[in-house]
Amino acid sequence: MSDSVGVDLAGFIVDRGLSNRAFDTVPSLVGATTAPVGGGVTRFVAAVLVLAACLGATWYALVSARQAPLDTLVWRYVALSAAVGSVFAGLLIIETVTTTVGTLVQAFRLLAQLFFAVFLALSLRELYYAQPATSSDDDRLSLSTARRIETGFMVLALVQFPIVVWVGPTAVAQVILALAAGAFTVYGVSFGQAIRARRVTRGTVLDATVTYVIAVLLCVGAVSVMEGAVLTPIPRPAIVGAVNVLLAMTGSFLISLVIRLKRSVDAGGRTS
């Protein structure tokens, strides 16, 4: 009799434990008012590095836009992307230093993270179409068609945003973000590679800008893709570590871009 009761009690405890763990997964699938985040000191330092680099890139890109008689819109897109990147980094710092954050904070961070990549891609697109077409570009996409494609992708991002706000930064929302960011990354890098293939901007400030913008775009896109891997069997510590490394690389490439832009601004100031 006692053995039977003990077996039943053990089964009840196991069932309760499994049930509790099952219910514990519900907030991660349907959203919650707060969500734990992680990353530790490494992520905090990487986010601060990205924030400082983005602020510097914003300033020098705006100065370059005022100095450059041509390609002004390119520099403005770079400045806008860096400004959005600073918002992304600031919200990421808030997430890192707090044990739990509201879904609204994470929603705005995800949106800023996506448009960080979007505006980088648009700066490369703008530079591509600002250059005269060559004989090998007869079949290139028209600017109006490119803008329609971009609008479609951005509508997808804006549709995702209220879902993230009301439902929560769920795994599904992170996957949507990863797909959108990955698409814009491929889109922007294709323009960057086409620009470099022409060798029109070889050795110029724009050449260095294209190189570093491609590098930053790849890193930011990879961050989104890695965060979207939450539904895969990849261990979470591996995802967190990869994101931290990519964030540090983003900051490093941005600093290289800031140094190059500063040199160009200083040279332009001396010649003016």
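**Group meeting talk: helices, spans and a nonpolar patch**

Hi everyone, let's start with what the record says. In an unreviewed entry, UniProt lists "transmembrane region" for residues 44-62, 74-94, 106-128, 149-167, 173-192, 204-226 and 238-259. Please keep in mind that what you see above is a predicted model.

So how do some of those spans look in the model? Take residues 44-62: this span is 100% helix and 0% strand, and its end C-alpha atoms lie 27 Å apart. Now look at residues 238-259, where the span is again 100% helix and 0% strand. Here the end C-alpha atoms are 32 Å apart.

Let's zoom out to the whole protein. How many helices and strands does the secondary structure come to? There are nine helices and two strands. If you trace the elements from the N terminus, you read α-α-β-α-α-β-α-α-α-α-α. Of the 272 residues, 43% count as buried. The protein exposes about 13600 Å², and carbon and sulfur atoms supply 70% of that area. As for contacts between residues at least 6 apart in sequence, 81% join residues at least 24 apart.

Val 41, Phe 44, Val 45, Val 48 and Val 97 make a nonpolar surface patch of about 440 Å². Which helix gives the largest share of the patch? That is helix α3, residues 40-67, with four residues.

One of the patch residues is Val 45, which lies in helix α3. Why do we call Val 45 partly exposed? Because its relative accessible area is 49%, and the label "exposed" needs over 50%.

Definitions and conventions. Residues numbered from 1 in each chain as written. Predicted model: local features only at pLDDT ≥ 70, side-chain atom pairs only at ≥ 80, totals over all residues. Heavy atoms only, no water. UniProt positions renumbered as here; feature names shortened; annotations may be inferred. Patch = residues over 30% accessible without salt bridge, like charges linked within 9 Å, V, L, I, M, F, W, Y side chains within 5 Å. Areas by Shrake-Rupley, 256 points an atom, 1.4 Å probe, with all protein chains shown as cover. Salt bridge = Lys/Arg side-chain N within 4 Å of Asp/Glu carboxyl O. Buried < 20%, exposed > 50% of the residue type's maximum accessible area, 1.4 Å probe, protein only. Contact = heavy atoms within 4.5 Å.
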